[in-house]
Amino acid sequence: MDEIRLQKVEALRELGIEPYPTEPFPINTTAAEILRYYPQQKLDFKSVRLAGRLWRKRIMGKASFAVLRDETGDIQLYFQRDDFAHQPELYDTLFKKLLDLGDIIGVEGFVFTTKTGEITVHVQHFRLLAKCLRPLPIEKETEEKTYAAFTDPELRYRMRYVDLIVHVGVRELFRRRSAIVQAIRDFFNERGYLEVETPILQPVYGGAFAQPFTTHHNALDMQLFLRISNELYLKRLIVGGFTGVYEFSKDFRNEGIDRYHNPEFTQVELYVAYQDYYWMMELVERLLEAVARRVLGTTQVSYNGLILDFTPPFARVRYYEAIEKAVGRDVRALSEQELLHLLTEKGVPLPEPPYERIDLVAQLFDKLVEPTLIQPTFVLDYPEEISPLAKKHRSEAGVVERFELIVAGKELANAYSELNDPIDQRRRLERQAALRAAGGLEAMPMDEDFLRALEYGMPPTAGLGLGIDRLTMLLCDAPSIQEVLLFPLLRPETPSPAES
RNA sequence: GUCCCCAUAGCUCAGCGGUAGAGCAGCGGAUUCUUAAUCCGCGGGCCGCAGGUUCGAAUCCUGCUGGGGACACCA
């Protein structure tokens with residue numbers, strides 16, 4: 001902490017000013033409201049009360065300008081010594097000496113326009129509401145340049161509270177993230193789907209290919225897993241008779257961290273009975289169109305220098321046909337040896353062992369097809385082997401009724417006509433169990449209770465998983481997932497001797 | 001896990017073998033329409049950590065820690 005500021009705390013108390021007062025300071029307006037409505041005099045601005053951080057101080061002797069930053073933005077303040085003639089130390093000592101940039105203050109006064117035309121609050125009363133003991137990285141900017149920008153990603157993520165104070169745009173991004181979630185929730189609620197909450201701590205994990213975090217319940221002395229997906233629980237609810245359920249789900253995957261992956265992330269999953277994946281594709285088109293319009297006012301989305309067009313209908317391409325287009329051959333007909341040869345020929349690295357024939361096909365898709373799909377594109381009809389929870393295709397053997405929505409070369413959504421044949425489901429999970437036994441760390445474990453639920457009968461159902469973080473990245477033009485997570489996972493801070 | 005880059009004042013950075021620097025922030029002073037306010041003056045550092053090379057290391061080398069990027073993994 002800053003030694004000088006600690007001394008100021010003492011000085012304040014000696015003056016009889018409590019640096020952390022108990023009394024509330026109810027406000028009646030905000031910076032943005034004043035700036036927006038004062039020019040038209042739509043509101044009464046003769047006695048405004050607002051609060052926020054002291055952000056600039058420009059003392060010119062007996063008068064001063066300052067800037068107050070609240071949640072909505074910045075507004076200029078004007079202080080005159082003469083206004084505090086009854087108690088001169090308020091201006092001479094409290095304002096001029098003891099208030100630091102970053103201190104949280106409440107002000108009361110009237111709005112006027114300065115000679116240079118800036119809307120300003122003429123402060124008649126002010127009060128310190130909370131002292132800031134650490135200097136903030138205050139950025140300064142002119143038309144052309146920003147000075148002392150607070151840009152170190154590590155500091156920004158570790159101290160997101162500071163990032164949020166300093167960067168208006170970061171606050172705006174997280175408001176937009178909230179608006180995206182709200183738009184999706186409204187879209188689903190309008191259609192009568194039920195928002196539910198299912199277990200995060202699961203005795204058996206499933207619903208995706210991933211390694212889980214494990215934990216332990218002391219009283220029951222049992223191992224538990226943080227969910228990697230909520231899919232199997234939502235399907236149990238469809239068995240239970242709900243026709244449409246969804247959940248915004250924090251999922252946890254014990255895997256690497258990069259620009260697109262954080263160990264905990266958010267998906268929304270939706271299951272609707274009596275529908276199939278064709279229906280779901282149209283729903284996803286309408287959903288993303290609605291979200292983009294509501295959040296951005298347009299379906300043309302700027303992302304990483306591109307314009308992504310979310311106007312339906314989106315492009316559709318079948319999985320094997322997309323690969324054939326990329327490599328010039330129908331890989332369904334190829335043996336494992338021929339596929340190995342093809343990967344080498346195309347310069348595609350082999351997957352990590354243990355791998356099977358189908359993993360070579362998937363590798364071709366992942367390396368040669370997915371990155372090339374920039375505009376929103378539905379890829380449909382995936383191989384059965386890599387889709388153990390999706391229903392067999394109604395007319396083609398070996399593939400299932402599944403689509404992924406690829407945007408900007410990354411998976412944004414994944415959906416199936418859900419597998420509801422309990423015999424087939426058992427067979428597929430048994431195959432997963434065999435893969436696990438052979439060392440496949442990410443193969444799904446057997447879930448007998450889930451199979452029992454299916455045996456009671458699940459209606460034909462369409463299911464969807466949509467990545468909220470990825471969608472937020474797209475709609476906020478954010479270059480990494482860390483930018484759209486308030487508190488992305490970082491290694492623990494190394495304690496420095498100076499701290500503590 | 002691998003490779004590359006980065007780490008110097010509260011923030012942003014310069015310095016790259018020879019006495020630690022700038023701007024902003026801070027402190028003292030002047031200043032009643034400023035807005036990167038201005039003007040005068042001042043303080044501020046385990047140069048990420050630990051070794052090594054050298055007469056001498058912020059600077060060169062090795063290791064470690066943290067971060068960023070790419071790859072791998074995440075079918």
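Me: Which helix gives the most to the surface near RNA strand B?

Reply: Helix 4 gives the most, with 4 residues. This is a predicted model, in which local features need pLDDT of at least 70, side-chain atom pairs count only at pLDDT 80 or more, and totals for chains, interfaces and linings use all residues. Residues are numbered from 1 along each chain as its sequence is written, chains are lettered from A and ligands numbered from 1 in the order in which they are written, and side-chain values use heavy atoms, with hydrogens and water left out.

Me: What makes the pairing of Glu118 with RNA strand B a polar contact?

Reply: A polar contact is a pair of N or O atoms within 3.5 Å; within protein, one must be able to donate a hydrogen and the other to accept it, and residues adjacent in sequence count only if both atoms are side-chain atoms. A polar side-chain atom of Glu118 lies 2.5 Å from a base nitrogen, and therefore meets the limit of 3.5 Å. For the side chain of Gln76, the distance from an N or O atom to a base nitrogen is 2.8 Å. Phe209 uses a backbone N or O atom, 2.6 Å from a phosphate oxygen.

Me: How do you know that the span of helix 11 agrees with expectation?

Reply: The expected span is 1.5 Å times one less than the number of residues. Helix 11 has 13 residues and should therefore span 18 Å; its end C-alpha atoms are 18 Å apart, which agrees.

Me: Why is Asn262 called buried?

Reply: Buried means under 20% relative accessible area, exposed over 50%, and partly exposed in between (1.4 Å probe, protein chains only). Asn262 counts as buried because its relative accessibility is 7%. Asn262 lies in the loop between strand 12 and strand 13. A polar atom of its side chain is 2.9 Å from the backbone oxygen of Glu264, and the side chain of Asn262 also reaches the backbone nitrogen of Leu489 at 3.3 Å. Leaving aside neighbours within four places in sequence, Asn262 is in contact (heavy atoms within 4.5 Å) with Ile481, Leu485, Pro488 and Leu489.

Me: What makes helix 7 mostly covered?

Reply: Of the 9 residues of helix 7 (231–239), 7 are buried, among them Glu231, Lys235 and Arg236. These buried residues pack against elements including strand 12 (244–252), strand 13 (264–273) and helix 13 (448–455). Just after helix 7, Gly241 takes a positive phi of about 115 degrees. Across the 500 residues of chain A, 49% count as buried.

Note on methods: Helices (H or I, at least four residues) and strands (E, at least two) are DSSP runs, numbered from the N terminus.
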